[in-house]
Structure formats: structure tokens, C-alpha cells
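Biologist: I am new to this one. Could you show it to me, and then take my questions one by one?

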Amino acid sequence: MHNRSLVSITDYNQADYLEVLDRAAGFEKNPTQNLLSDKLVATLFFEPSTRTRLSFETAVQRLGGRVIGFADAAYTSVSKGETLKDTIKMVSNYADLIIIRHPLEGSVRYASEIASVPVINAGDGWHAHPTQALLDMMTIRQKLGKLEGLKVAIIGDIFHSRVARSNAWGMKTMGMDVVLCGPPTLLPQHTESLGVPVTDNVDEALEGADVVMLLRLQMERQSSATFPSIREYRDRYGVDLDRLSKLKENVVIMHPGPVNRGVELASNVADSECSVILDQVTNGVAVRMAVLYLLGGGE
Ligand code: CP
């Protein structure tokens with residue numbers, strides 16, 4: 001992974017993922033290091049974020065680096081018509097690493113081709129969210145002791161989900177048995193490109209699952225109605241205590257956040273002992289420390 005960009009999880013292999021997960025486990029034991037003390041990291045968020053931006057910025061600071069950037073492009077020269085190309089070329093002159101979240105699929109790949117420093121994708125449209133997949137795999141390995149052979153059901157708005165795409169690829173690469181599930185209108189058309197089975201039957205997806213990951217309905221990316229009502233969606237695809245009681249006793253419940261409580265996940269399940277949502281948040285810092293360290297010039 002050294003000194004390259006991280007645009008998509010598909011650019012890397014199993015050995016790279018393990019390098020990040022092992023390095024992240026080390027950072028979790030020793031969270032404050034001085035390994036990026038000479039580095040300036042730019043966080044360019046063209047789309048809203050809470051945990052990804054703050055965990056990246058926490059990770060930089062724990063490594064002794066410094067952060068510049070913006071959380072709202074409306075207050076930058078983008079609002080005056082400056083292009084992404086010019087923005088990236090300019091920021092390359094200030095920063096040693098650039099972290100970008102952008103609403104357009106492919107924008108971060110484009111930025112990585114223009115930048116003179118490594119670029120990390122913090123989410124581009126529905127395309128990719130590689131550090132989310134890495135932190136999700138770290139969390140599962142931490143809770144269940146392994147990845148290979150585990151069944152993971154990812155349920156929700158698959159069509160608009162960069163988390164589903166990155167996790168499907170990453171988990172399959174790690175030998176996990178992934179199934180994607182959602183309403184037919186929220187499944188991509190060419191599901192074979194995802195490389196894992198896809199179904200609209202939630203009971204089939206949940207059968208024998210070791211891990212269940214719920215996804216939010218991304219209303220901000222939808223221009224027309226894709227299901228009859230929130231209540232119907234909740235009843236068919238949501239996980240509540242009744243549905244949880246039918247799953248494996250030690251099932252792990254995940255959600256990348258933000259959670260729409262009472263829609264895809266009942267509050268009492270989100271806050272139950274099965275839920276690892278806050279572990280995902282914690283591991284997000286360690287995984288991002290590992291990625292920053294490896295891409296930023298660590299040995
Ligand atoms: N999981 C995730 O990307 O959350 P944010 O949108 O809050 O960064």
C-alpha cells in the first residue's frame with residue numbers, strides 16, 4: 001500500500017487488507033504515536049459526514065500530524081466556479097496527503113490522477129468507501145476471531161450504497177460468504193458485477209448469518225419513490241427484537257451509520273449487546289491511522 005492512493009478496495013489484495021488490519025490492531029493498543037509529525041493532511045469534504053471526517057482527523061492527530069481542510073464546499077472557491085482539477089492541484093501544494101469525500105462516482109479516482117500526493121477516498125457517490133470496509137472487517141475479526149467462512153447479510157438500500165459495494169468486494173476477497181438484500185427497486189440492475197449473490201428475500205439472506213449489516217435508505221440520492229412507505233420498508237426489511245430472536249445466538253449486528261432508528265434498525269437492537277456499532281466507530285480511527293501511516297510513508 002506504500003505511498004499510493006486508496007481509491008477503491010478493488011485496487012488492493014488480501015495481503016494489503018491484512019497489513020492494514022494488523023497495523024490497526026497495533027494502533028488500537030498504542031493509540032498515540034508520532035509517526036506523521038512532519039506531515040500535513042488535507043480533508044476535503046464536498047458531501048456531509050460526521051464519523052468519517054472526524055475519525056480521519058482524530059487519526060491524523062493521534063499520529064502527530066496536522067490537518068487542514070473544509071467540511072462544507074459552499075464556503076470554498078468551488079462555490080465561485082473553481083474546478084475539482086484546480087482545487088486538487090492547489091491543495092497538492094499544501095498537503096502531503098489528501099482525503100476526499102465527493103458526491104460524484106469516479107471523482108476521487110480523477111483526483112488521484114491529478115494530485116502529486118497520495119489521495120484517500122472517504123466516499124465517492126455510490127461507488128466506494130474503502131476505509132469503511134476495512135474498519136468493518138476489523139470489527140468482525142475482533143468480535144468473531146476470524147473472517148474466512150463467515151456469512152454476512154448486508155440489507156438495505158444496496159443501489160445507492162458505496163459501503164455495500166466496498167464490503168462485498170473486500171469480504172469476498174477475505175473468503176467470506178456475502179449476500180446483499182433489499183427491495184427490488186433498491187438493487188442494482190446488473191447485480192452480477194457485484195460478484196456476490198443478491199436477493200430481495202430477507203429471510204433467505206438472514207438464514208445462518210453470522211453478521212447482519214443494516215444500511216440506511218439514502219433518501220438524498222433518490223429522485224423518485226422506490227418503495228410504498230417507510231412503515232412497509234421497516235416491516236419487510238428492518239431488524240427488530242422479534243427478527244433478532246430468530247437469528248444465531250451470537251449474531252453480530254452492524255451499521256456504518258448514521259442509523260435511521262426505527263426504520264432499518266429498531267432502537268433496542270441498535271443499543272443491544274449484539275450491536276457493534278460503537279466498535280465500528282472506535283475501529284474507524286485505528287484503521288484510518290493504519291492507512292494514513294502506510295500511504296504517508298510508513299515503512
Ligand atoms: N459511515 C459513514 O461514512 O458515516 P459519515 O457519513 O458520518 O461519515
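This is a predicted model: local features need pLDDT of at least 70, side-chain atom pairs count only at pLDDT 80 or more; totals for chains, interfaces and linings use all residues.

Biologist: How far is a polar side-chain atom of Q132 from a nitrogen atom of the ligand?
Modeller: A ligand nitrogen also has a backbone N or O atom of P256 at 2.9 Å. For Q132, the atom is in the side chain, and the distance to a ligand nitrogen is 3.1 Å.

Biologist: How much of the ligand's accessible area does the protein cover?
Modeller: On its own, the ligand has 260 Å² of accessible area. The space it takes is the largest pocket. The protein's share of cover is 91%.

Biologist: Which domains supply the shell around the ligand?
Modeller: The residues around the ligand include S49, T50, H129 and G257. The shell divides into one nonpolar, six polar and two charged residues. At least three residues come from each of two domains: domain 1 (9–128 + 284–295) and domain 2 (130–280).

Biologist: Which residues lie closest to the centre of the largest cavity?
Modeller: There are two cavities of 30 Å³ or more. The largest holds about 90 Å³ of space. Of its 13 lining residues, the closest to the centre are R51, Q132, P256, Q280 and V281.

Note on methods. Residues are numbered from 1 along each chain as its sequence is written. Side-chain values use heavy atoms; hydrogens and water are left out. A residue is near a molecule or strand if one of its heavy atoms lies within 4 Å of it. A polar contact is a pair of N or O atoms within 3.5 Å; within protein, one must be able to donate a hydrogen and the other to accept it, and residues adjacent in sequence count only if both atoms are side-chain atoms. Accessible areas come from the Shrake-Rupley method with a 1.4 Å probe; for residues, only the protein chains shown count as cover. On a 1 Å grid over the protein atoms alone, a cavity is a set of points where a 1.4 Å probe fits but cannot get out, and a pocket is an open set with protein on both sides within 12 Å along at least five of seven lines; lining residues have an atom within 4 Å of a point. A molecule sits in a cavity or pocket if more than half of its atoms lie within 2 Å of its grid points. Ala, Val, Leu, Ile, Met, Phe, Trp, Tyr, Cys and Pro count as nonpolar, Asp, Glu, Lys and Arg as charged, and the others, Gly among them, as polar. Domain bounds come from an automatic or database domain assignment. Grid points are joined across faces, edges and corners, and a volume is the space filled by probe spheres set on the points.
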